[in-house]
Amino acid sequence: MYVLIAGGGKVGANLTRSLIRMGHEVTLIEQRSYRYDQLEAEFEHQAVRGDATELYVLERAGIKRPPDLVVAATGDDEDNIVICQIAREKYGVQKVIARINDPRNQPYFDLLGISPTVSATGSIMALIEHEVPEHGLIHLLELRKENLEIVELTVDKDSACEGKRIGAVRLPAGARLISVVRDGKAEIADAETQLEAGDQVLAILEAGKEDELRRVLLRN
Amino acid sequence: MIGCGRVGSAVALQLHGSGWDVVAVDENEDALTRLGEHWTGGFLVGHGMDLTLLREAGIEEADAVVVTTDGDNSNIVIGQVAQQRFQVPTVVLRVLDPGRAQFYAARGLRIVCPTSAAIETLVEAVRATEQVTA
């Protein structure tokens with residue numbers, strides 16, 4: 001696979017290293033000269049210096065081939081959006097992955113159809129919320145293109161499903177419970193699993209079904 | 001007006017002078033001084049990529065949005081958001097890089113590229129002398 005990575009910070013550099021080790025061909029674009037010098041020392045001709053949002057820099061890095069994959073991993077969300085748009089729509093790159101630095105910019109990536117995206121902050125926040133569960137719904141994994149998401153909720157006291165077997169719970173269509181964690185012990189959910197207040201439940205559901213699922217598992 | 005620098009503030013003042021209701025947005029609060037003491041339009045401090053700020057500035061009711069921050073990529077993203085998310089009827093942006101200006105213009109964004117205009121004018125100015133020496 002030929003991969004073009006824009007942004008030679010920790011993310012881009014580590015990605016480059018891993019992909020090369022896996023046997024793929026990689027070109028890494030980095031703008032800052034002091035950083036480029038470090039990358040060139042390690043990656044030699046596989047590092048290209050320049051602004052990855054400039055067409056001539058992308059072309060110098062081989063975007064006309066085109067690459068199988070472009071990863072926009074710069075520290076600037078606007079730049080990452082533009083890199084993905086240019087890669088896909090000007091050069092016909094089939095697969096683009098974008099890094100999101102500020103989770104508040106997620107709507108921009110969604111609006112412009114840039115997917116998948118990876119937000120380190122977002123992922124860590126989800127894990128923090130997983131470790132310190134409060135009432136509400138946590139997004140653990142979103143598969144935007146497939147329109148599915150995996151979420152976690154804590155069953156409330158006095159909710160509609162408390163004390164019931166999963167088989168007897170009126171789950172919305174397009175939602176399935178995957179597992180239940182109680183007192184630190186996890187079990188894969190099936191129709192016979194009984195739900196108690198305080199259970200941490202993992203569910204997979206179609207986008208848009210969150211509110212219906214909340215109504216069943218949380219107190220209203 | 002997203003971006004109230006040399007160009008943004010001048011455009012804001014002219015439009016305001018001819019009766020437009022103008023709200024200017026800039027990351028730097030000093031930009032307000034460019035609008036002069038008699039500015040009666042709006043002014044908000046913040047980044048044009050902030051959806052809350054854009055709504056506060058009235059983007060949902062705007063007839064036109066002009067984007068002139070000093071970052072081509074910011075202008076390109078904000079311009080697309082104004083057009084596609086908020087359906088603003090007239091969206092115009094400045095892009096300095098001729099390559100990106102051409103690409104995004106072909107995708108339906110109204111773009112002003114001072115660099116291309118300068119290149120054309122400069123070349124013509126020199127070529128105009130060709131006739132004289134011939």
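What percentage of the 134 residues of chain B count as buried? The figure is 37%. This is a predicted model. Chain B holds five helices and five strands. Chains A and B touch, with 15 residues of chain A in contact with 15 residues of chain B.

**Chain B: overall layout**

- Along the sequence, the elements of chain B run α-β-β-α-β-α-β-α-β-α.
- Taken along the principal axes, the C-alpha atoms of chain B fill a box of roughly 60 × 35 × 25 Å.
- Take the contacts in chain B between residues at least 6 apart in sequence: 38% of them join residues at least 24 apart.

**Chain B: the sheet**

- Three strands of chain B form an open sheet in the order β3-β4-β5, and the pairing is parallel.
- The edges are β3 (64-67) and β5 (110-112) of chain B; each has a single partner strand, so one side of each lacks a neighbour in the sheet.
- From one strand to the next, the twist averages 20°.
- Four bridges join β3(B) to β4 (residues 90-94) of chain B in the parallel sense.
- B:Val65 has B:Val91 in β4(B) as its bridge partner.
- Helix α3 (residues 72-85) of chain B packs on this sheet and touches β3 and β4 of chain B.
- The direction of this helix makes about 175° with that of β4(B).

**Chain B: a positive phi**

- B:Gln87 is not a glycine, yet its phi is positive, at about 50°.
- B:Gln87 sits in the loop between α3 and β4 of chain B.
- B:Gln87 is exposed, because 11 other C-beta atoms lie within 10 Å and the exposed class takes in counts of 12 or fewer.

**The side of chain A that touches chain B**

- The contact between the chains involves 15 residues of chain A and 15 residues of chain B.
- Three helices of chain A, α3 (55-60), α4 (77-89) and α5 (106-111), each supply at least two residues of the side that touches chain B.
- α4(A) gives the most to that side, with five residues.
- By type, the residues on that side of chain A are nine nonpolar, two polar and four charged.

- A:Val3 belongs to strand β1 (residues 2-6) of chain A.
- A:Val3 is buried, because 21 other C-beta atoms lie within 10 Å and the cut-off is 20 or more.
- Neighbours within four places in sequence aside, the contacts of A:Val3 include A:Leu19, A:His24 and A:Val26.
- A:Pro67, A:Asp68, A:Leu69 and A:Val71 are also among the contacts of A:Val3.
- A:Val3 and A:Val70 lie 67 residues apart in sequence, but 5.8 Å apart in space, C-alpha to C-alpha.

**Chain A: backbone features in loops**

- The peptide bond from A:Arg65 to A:Pro66 is cis, with omega near -10°.
- A:Pro66 falls in the loop between α3 and β4 (69-72) of chain A.
- A cis peptide bond also runs from A:Ser115 to A:Pro116, with omega near -5°.
- A:Pro116 falls in the loop between α5 and β6 (117-118) of chain A.
- A:Glu44, a residue other than glycine, has a positive phi near 50°.
- The loop that holds A:Glu44 runs between α2 (33-43) and β3 (47-49) of chain A.
- A:Glu44 counts as exposed, with 8 C-beta neighbours inside 10 Å.

Definitions and conventions:
Residues numbered from 1 in each chain as written. Chains lettered and ligands numbered in written order. Predicted model: local features only at pLDDT ≥ 70, side-chain atom pairs only at ≥ 80, totals over all residues. Pairing = 2+ DSSP bridges. Axes fitted to C-alpha atoms, helices over the stretch in contact; angles between N-to-C directions. Contact = placed C-beta atoms within 7 Å. Nonpolar A, V, L, I, M, F, W, Y, C, P; charged D, E, K, R; others polar.
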